[in-house]
Amino acid sequence: MFDIGFWEIVVILVVGLVVLGPDRLPGAIRNVSRWVTGARKMADSVKDELSQELKLQELQENLKKAEKMGMEDLSPELKESVDSLKKAAADVQRPYADVSSDTSTVSSSSTTVSSDKKQE
């Protein structure tokens, strides 16, 4: 990332020791290391998001190619892309189906509770 060698780091530490003193230098080093760690995490997060978007774009392009070819005589890699896209779509829809079934169960149980209260 940066082209800083061992001796440059030693010079920075000596200057920091002279400027900040031995009491505040360890705290300053911890602070800087936290900033660097945060920056690295943010960069990794952005890199992961970009790679996911590129994969998604590639899948969409392969699906468009497959649709143009009429979903017949597809190459093995296009078939694999279509299958993975179908699986991803099923995975996305599955949590919503679970939530809707849970919601209907909750609404039917709340109706039973309210009807029991009316009978009392």
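Helix H1 has a kink of about 115° at Gly21, shortly before the proline Pro22. Keep in mind that this is a predicted model.

- H1 runs over residues 6–68, which gives it 63 residues.
- The C-alpha atoms at its ends are only 58 Å apart, whereas a straight helix would reach 93 Å at 1.5 Å a residue.
- The kink at Gly21 in H1 is about 115°, and Gly21 is also among the buried residues of this helix.

**Buried positions in H1**

- Besides Gly21, the residues Gly16, Leu25, Asn62 and Ala66 are buried in H1.
- Asn62, a residue of helix H1, has a relative accessible area of 13%. Asn62 counts as buried because that value is under the 20% cut-off.
- Asn62 and Glu80 are 18 residues apart in sequence, and their C-alpha atoms are 9.7 Å apart in space.

**A nonpolar patch on the surface**

- Val11, Val14, Val15, Val18, Val19 and Leu20 form a nonpolar patch on the surface.
- Together these residues have about 530 Å² of accessible area.
- Leu20, a member of the patch, has its place in helix H1.
- Leu20 has 30% relative accessibility, so it counts as partly exposed; that class lies between the buried limit of 20% and the exposed limit of 50%.

**The aromatic pair**

- One aromatic pair turns up in a search of the whole structure.
- That pair is made by Phe6 and Trp7, with an edge-to-face arrangement.
- A pair of aromatic rings is described by the distance of the centres and the angle of the planes.
- For Phe6 and Trp7, the centres are 5.1 Å apart and the planes make an angle of 75°. The pair counts as edge-to-face because this angle is over 60 degrees.
- Phe6 and Trp7 are both exposed.

**The chain as a whole**

- Of the 120 residues in the protein chain, 8% are buried.
- The accessible surface of the protein chain comes to about 10,600 Å².
- Carbon and sulfur atoms account for 60% of that accessible surface.

Terms used: Residues are numbered from 1 along each chain as its sequence is written. This is a predicted model: local features need pLDDT of at least 70, side-chain atom pairs count only at pLDDT 80 or more; totals for chains, interfaces and linings use all residues. Side-chain values use heavy atoms; hydrogens and water are left out. Rings of Phe, Tyr and Trp (its six-membered ring) pair if their centres lie within 6.5 Å; planes under 30 degrees apart count as stacked, over 60 as edge-to-face and the rest as tilted. Buried means under 20% relative accessible area, exposed over 50%, partly exposed in between (1.4 Å probe, protein chains only). Helices (H or I, at least four residues) and strands (E, at least two) are DSSP runs, numbered from the N terminus. The expected span of a helix is 1.5 Å times one less than its number of residues. The bend at a residue is the angle between axes fitted to the seven residues ending there and the seven starting there. Patches are made of residues with over 30% relative accessible area and no salt bridge: like charges are joined within 9 Å, nonpolar side chains (Val, Leu, Ile, Met, Phe, Trp, Tyr) within 5 Å. Accessible areas come from the Shrake-Rupley method with a 1.4 Å probe; for residues, only the protein chains shown count as cover. A salt bridge is a side-chain nitrogen of Lys or Arg within 4 Å of a carboxyl oxygen of Asp or Glu.
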